[in-house]
Amino acid sequence: MVELDVQTERRDCVTFVAATVHNDGRTGRQVRLRTELDPVWPPRRQGVPAAGWHEDGGTFTVPAGRTRGVGFATPAAPDGPVLTVAETEPVAGGDGEHPAPTPEHV
């Protein structure tokens, strides 16, 4: 089972969203998070959005029995649920600690 805890803070016309995704299951899960806030300002590394982020949220792997933190900012003011679990599916090949290799990994 996947659970989501979300906290927001509004400062100087910017909403900061911090969330914790808990996976209490025995299998790693691919979790797709969705927000209605627009635009989403994901974390960036060297000017490039961090892996997993898209226009309306992000998709992340949460290993079995583990927790993962995610966060973003937006100029939009919240008016309802800020972040929801849109979909989850088991990670192919196990616990999610070591996902199956992709062409990018090779």
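**Aromatic pairs, core and sheet in a predicted model**

Biologist: How many aromatic pairs does the structure hold?

Modeller: Taking the model as predicted, and counting rings whose centres lie within 6.5 Å, the structure holds 2 aromatic pairs.

Biologist: What is the geometry of the pair formed by Trp 53 and Phe 60?

Modeller: The ring centres of Trp 53 and Phe 60 are 5.2 Å apart, and the ring planes stand at 70 degrees. Planes over 60 degrees apart fall in one class, so the pair of Trp 53 and Phe 60 is edge-to-face.

Biologist: Which parts of the sequence does the pair of Trp 53 and Phe 72 tie together, and how many residues apart are they?

Modeller: This pair is also edge-to-face, with 5.7 Å from centre to centre and 65 degrees between the planes. Trp 53 lies in strand 6 (residues 53–54) and Phe 72 in strand 8, so the pair ties together parts whose separation in sequence is 19 residues.

Biologist: Is Phe 72 buried or exposed?

Modeller: A residue counts as buried when its relative accessible area is under 20%. Trp 53 meets this with 16%, and Phe 72, which belongs to one aromatic cluster with Trp 53 and Phe 60, has 6% relative accessibility and therefore counts as buried.

Biologist: In what order do the 3 strands of the open sheet lie?

Modeller: The edge strands, each pairing on one side only, are strand 1 (2–11) and strand 8 (67–74). Strand 1 is joined to strand 2 (residues 14–23) by 10 bridges, and these two strands run antiparallel. The open sheet, whose pairing is antiparallel, therefore has the order 1-2-8.

Biologist: What share of the residues of the protein counts as buried?

Modeller: The protein comes to 0 helices and 9 strands, and it exposes about 6900 Å², of which carbon and sulfur atoms supply 49%. Of its 106 residues, the share that counts as buried is 29%.

Definitions and conventions:
Residues numbered from 1 in each chain as written. Predicted model: local features only at pLDDT ≥ 70, side-chain atom pairs only at ≥ 80, totals over all residues. Heavy atoms only, no water. Helix = DSSP H or I, 4+ residues; strand = E, 2+ residues; numbered from the N terminus. Buried < 20%, exposed > 50% of the residue type's maximum accessible area, 1.4 Å probe, protein only. Areas by Shrake-Rupley, 256 points an atom, 1.4 Å probe, with all protein chains shown as cover. Phe/Tyr/Trp six-rings, centres within 6.5 Å; stacked < 30°, edge-to-face > 60°.
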